[in-house]
Amino acid sequence: MKLQEDVIRMIFGLKVKQLRADKGISLTELATATGISVSYLNEIEKGKKHPKPSKVAVIADALGVTYDYLVSLQLSKRLQPVGELLHSNILSELPLEHFGLDMSRVLDLFATAPAKLSAFVNTLLEISRAFDLRVEQFYFSALRSYQSCTTITLMR
């Protein structure tokens, strides 16, 4: 159940951030329009908080969308890979903290460069399906790649 609540918060935050970016509204402008603090809106966009229904309605109004759209788990076509990723077992099994990542950072990458990151995630999913990779194999490959990149960076 906890994981499902996390996914709901993340999708909600991603939608808010994407809508705000599409409309060219800063966090400060959204805060002014909604009466919600910048820090709380930031926590919402990072998927750490989910506002009460009354605040969701205010945010939806400020972003020019319906309440139902904002709370639904449906994502735009551009963000469909994000939904697949959030609903897959990959996120619950990947040790992101070992790579210095947390889920909010991954979501931030999706929000700022969704096409590139979606292509990357789709590639990973296709490779894992095509080669029937086990989770352990994927971890070891990712860890080796990470260690290799870190070693090269330290040598520079």
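Predicted model: local features only at pLDDT ≥ 70, side-chain atom pairs only at ≥ 80, totals over all residues.
Trainee: What pattern does the protein chain follow, read along the sequence?

Mentor: Happy to start there. The chain has ten helices and zero strands. Read from one end to the other, the pattern is α-α-α-α-α-α-α-α-α-α.

Trainee: What share of the residues of the protein chain count as buried?

Mentor: Let's begin with the surface: the accessible area of the chain is about 9,600 Å², and 58% of that belongs to carbon and sulfur atoms. A residue counts as buried when its relative accessible area is under 20%. Of the 156 residues in the chain, the buried share is 34%.

Trainee: Why do the buried residues of α2 line one face of the helix?

Mentor: The buried residues of α2 are Leu27, Leu30, Ala31 and Thr34. An α-helix has 3.6 residues a turn, so residues three or four places apart point the same way. Seen down the axis of α2, the buried residues line one face because they fall within an arc of 100°.

Trainee: Which exposed residues does the face of α2 turned away from its buried side carry?

Mentor: Helix α2 covers residues 27–34, and just after this helix Gly35 takes a positive phi of about 75°. On the face turned away from the buried side of α2, the exposed residues are Thr28, Thr32 and Ala33.

Trainee: Are α2 and α3 roughly parallel or roughly perpendicular?

Mentor: Two packed helices are described by the angle between their axes and the distance between the axes. The axes of α2 and α3 come within 9 Å and cross at roughly 110°. Leu27, Thr28, Leu30, Ala31 and Thr34 of α2 make the contact with Val38, Leu41, Asn42 and Glu45 of α3. Angles of 65 to 115 degrees count as roughly perpendicular, so α2 and α3 are roughly perpendicular.

Trainee: Within what arc do the buried residues of α3 fall?

Mentor: In helix α3, residues 38–45, the buried ones are Leu41, Ile44 and Glu45. Seen down the axis of α3, they line one face of the helix, because their arc is 95°.

Trainee: Is the crossing of α2 and α4 left-handed or right-handed?

Mentor: These helices pack at an angle of about 120°, with their axes 9 Å apart, and α2 and α4 are therefore oblique to each other. Leu30, Ala33 and Thr34 in α2 meet Val58, Ile59, Ala62 and Leu63 in α4. As for its hand, the crossing of α2 and α4 is right-handed.

Trainee: Which exposed residues sit on the face of α4 turned away from its buried side?

Mentor: Start with the buried residues of α4, which are Val56, Ile59, Ala60 and Leu63. They fall within an arc of 100° seen down the axis of α4, so they line one face of the helix. The face turned away from that buried side carries the exposed residues Ser54 and Asp61.

Trainee: Is Gly64 buried or exposed?

Mentor: Gly64 follows α4 and has a positive phi, near 75°, in the loop between α4 and α5. Gly64 and Leu19 are 45 residues apart in sequence, yet 8.9 Å apart in space, C-alpha to C-alpha. With a relative accessible area of 59%, Gly64 is exposed.

Conventions: Residues numbered from 1 in each chain as written. Heavy atoms only, no water. Helix = DSSP H or I, 4+ residues; strand = E, 2+ residues; numbered from the N terminus. Buried < 20%, exposed > 50% of the residue type's maximum accessible area, 1.4 Å probe, protein only. Areas by Shrake-Rupley, 256 points an atom, 1.4 Å probe, with all protein chains shown as cover. Arc of directions from axis to C-beta. Axes fitted to C-alpha atoms, helices over the stretch in contact; angles between N-to-C directions. Parallel < 35°, antiparallel > 145°, perpendicular 65-115°, else oblique. Left-handed = near helix turned anticlockwise from the far one by under 90°. Contact = heavy atoms within 4.5 Å.
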